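Have the model open beside you as you read.

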Amino acid sequence: LAVKVFYPIFGFAAPPADQKAENEACLDLLTKFEKVFLSKGKKFVAGDAISIAEYKAVPLLYACMQPSIEAKTGFKMPARMVQYVEDAMKEMKNGSFLESAG
(Lines give C-alpha, C1' and ligand atoms only; values in the text may rest on other atoms or scores of the structure.)
Protein backbone atom coordinates (compact mmCIF):
# COMPACT_ATOMS: atom_id res chain seq x y z
CA LEU A 1 0.00 0.00 0.00
CA ALA A 2 2.51 2.59 1.12
CA VAL A 3 5.22 1.78 -1.39
CA LYS A 4 2.98 2.13 -4.42
CA VAL A 5 0.64 4.93 -3.32
CA PHE A 6 2.24 7.54 -1.11
CA TYR A 7 5.94 6.67 -0.95
CA PRO A 8 6.54 7.98 -4.51
CA ILE A 9 4.77 11.26 -3.70
CA PHE A 10 6.82 11.68 -0.51
CA GLY A 11 10.02 10.93 -2.47
CA PHE A 12 10.71 7.59 -0.76
CA ALA A 13 10.34 5.42 -3.88
CA ALA A 14 10.12 5.62 -7.64
CA PRO A 15 6.62 5.91 -9.09
CA PRO A 16 5.08 2.63 -10.25
CA ALA A 17 4.98 1.90 -13.96
CA ASP A 18 1.18 1.62 -13.86
CA GLN A 19 -0.35 3.78 -11.12
CA LYS A 20 -3.92 2.82 -12.02
CA ALA A 21 -3.15 -0.89 -11.61
CA GLU A 22 -1.40 -0.24 -8.29
CA ASN A 23 -4.39 1.80 -7.08
CA GLU A 24 -6.70 -1.09 -7.95
CA ALA A 25 -4.42 -3.55 -6.15
CA CYS A 26 -4.44 -1.32 -3.06
CA LEU A 27 -8.23 -1.06 -3.15
CA ASP A 28 -8.44 -4.85 -3.37
CA LEU A 29 -6.12 -5.18 -0.37
CA LEU A 30 -8.21 -2.69 1.65
CA THR A 31 -11.41 -4.51 0.73
CA LYS A 32 -9.89 -7.74 2.06
CA PHE A 33 -8.72 -5.96 5.22
CA GLU A 34 -12.24 -4.65 5.78
CA LYS A 35 -13.86 -8.06 5.24
CA VAL A 36 -11.45 -9.86 7.54
CA PHE A 37 -10.95 -7.33 10.32
CA LEU A 38 -13.82 -4.83 10.22
CA SER A 39 -16.83 -6.98 9.42
CA LYS A 40 -19.74 -7.94 11.64
CA GLY A 41 -20.04 -4.45 13.11
CA LYS A 42 -16.48 -4.33 14.41
CA LYS A 43 -15.20 -0.78 14.80
CA PHE A 44 -11.54 -1.79 15.10
CA VAL A 45 -9.42 -4.85 14.34
CA ALA A 46 -9.87 -6.27 17.86
CA GLY A 47 -13.49 -5.14 18.29
CA ASP A 48 -14.69 -2.00 20.02
CA ALA A 49 -11.33 -0.92 21.44
CA ILE A 50 -8.18 0.08 19.60
CA SER A 51 -5.23 -2.28 19.65
CA ILE A 52 -1.64 -2.29 18.49
CA ALA A 53 -3.01 -3.00 14.99
CA GLU A 54 -4.43 0.51 14.75
CA TYR A 55 -1.11 2.05 15.76
CA LYS A 56 0.52 0.18 12.87
CA ALA A 57 -2.13 0.66 10.17
CA VAL A 58 -3.59 4.10 10.82
CA PRO A 59 -0.52 6.25 10.05
CA LEU A 60 -0.10 4.55 6.68
CA LEU A 61 -3.79 4.78 5.87
CA TYR A 62 -3.92 8.40 7.00
CA ALA A 63 -1.06 9.27 4.65
CA CYS A 64 -2.83 7.54 1.76
CA MET A 65 -6.07 9.45 2.31
CA GLN A 66 -4.56 12.92 1.98
CA PRO A 67 -5.98 15.13 -0.80
CA SER A 68 -2.55 15.56 -2.40
CA ILE A 69 -2.20 11.79 -2.76
CA GLU A 70 -5.55 11.55 -4.54
CA ALA A 71 -4.69 14.53 -6.75
CA LYS A 72 -1.32 13.11 -7.80
CA THR A 73 -2.11 9.39 -8.00
CA GLY A 74 -5.87 9.14 -8.44
CA PHE A 75 -6.06 6.88 -5.38
CA LYS A 76 -9.19 7.43 -3.31
CA MET A 77 -9.49 5.80 0.09
CA PRO A 78 -12.75 3.82 0.49
CA ALA A 79 -15.30 5.45 2.80
CA ARG A 80 -15.21 2.61 5.34
CA MET A 81 -11.45 2.92 5.68
CA VAL A 82 -11.71 6.69 6.13
CA GLN A 83 -14.21 6.06 8.93
CA TYR A 84 -11.88 3.47 10.47
CA VAL A 85 -8.98 5.94 10.47
CA GLU A 86 -11.10 8.76 11.89
CA ASP A 87 -12.52 6.53 14.63
CA ALA A 88 -9.08 5.25 15.57
CA MET A 89 -7.57 8.72 15.70
CA LYS A 90 -10.30 9.83 18.10
CA GLU A 91 -9.41 6.94 20.43
CA MET A 92 -5.64 7.33 20.23
CA LYS A 93 -4.18 9.65 22.84
CA ASN A 94 -1.69 10.87 20.26
CA GLY A 95 -4.04 10.76 17.25
CA SER A 96 -4.07 14.52 16.84
CA PHE A 97 -0.35 14.38 16.10
CA LEU A 98 -1.06 13.12 12.58
CA GLU A 99 -3.35 16.03 11.83
CA SER A 100 -0.98 18.61 13.32
CA ALA A 101 2.09 17.29 11.50
CA GLY A 102 1.21 19.48 8.57
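Buried means under 20% relative accessible area, exposed means over 50%, and partly exposed covers what lies in between. Keep in mind that this is a predicted model. With those cut-offs, tyrosine 7 counts as partly exposed, because its relative accessibility is 28%.

**The aromatic rings**

Phe6, Tyr7, Phe10 and Phe12 form one aromatic cluster, and the structure holds 7 aromatic pairs.

| Ring pair | Distance between centres | Angle between planes | Geometry |
|---|---|---|---|
| Phenylalanine 6 and tyrosine 7 | 5.1 Å | 80 degrees | edge-to-face |
| Tyrosine 7 and phenylalanine 12 | 5.5 Å | 85 degrees | edge-to-face |

**The nonpolar core**

Now for the inside. The largest nonpolar core has 24 residues, and those with the most contacts inside it are Val58, Leu61, Phe75, Met77, Met81, Tyr84 and Val85. Which elements give two or more residues to this core? They are α1 (2–5), α3 (19–37), α4 (52–64) and α6. The largest share comes from α4, with 6 residues.

Methionine 77 is worth a click. Leaving aside residues up to four places away in sequence, methionine 77 touches Leu30, Leu61, Cys64, Met65 and Val82.

Helix α6 covers residues 79–91, so to speak a run of 13 residues. From first C-alpha to last, α6 reaches 19 Å, close to the 18 Å expected at 1.5 Å a residue. The buried residues of α6 are Met81, Tyr84, Val85, Asp87, Ala88 and Met89.

**The cysteines**

How many disulfides does the structure hold? The count is 0. Cysteine 26 is in no disulfide, and the nearest cysteine sulfur, that of cysteine 64, is 6.7 Å away. Since a disulfide calls for sulfur atoms within 2.5 Å, that gap rules the pair out. Seen from the other end, cysteine 64 is in no disulfide either, with the sulfur of cysteine 26 as its nearest.

Both cysteines are tucked under the buried cut-off: cysteine 26 is buried with a relative accessible area of 4%, and cysteine 64 is buried with 1%.

Technical notes
Residues are numbered from 1 along each chain as its sequence is written. This is a predicted model: local features need pLDDT of at least 70, side-chain atom pairs count only at pLDDT 80 or more; totals for chains, interfaces and linings use all residues. Side-chain values use heavy atoms; hydrogens and water are left out. Helices (H or I, at least four residues) and strands (E, at least two) are DSSP runs, numbered from the N terminus. The expected span of a helix is 1.5 Å times one less than its number of residues. Buried means under 20% relative accessible area, exposed over 50%, partly exposed in between (1.4 Å probe, protein chains only). A nonpolar core is a set of buried Ala, Val, Leu, Ile, Met, Phe, Trp, Tyr and Cys residues joined through side-chain atoms within 4.5 Å. Contact means heavy atoms within 4.5 Å. Rings of Phe, Tyr and Trp (its six-membered ring) pair if their centres lie within 6.5 Å; planes under 30 degrees apart count as stacked, over 60 as edge-to-face and the rest as tilted.
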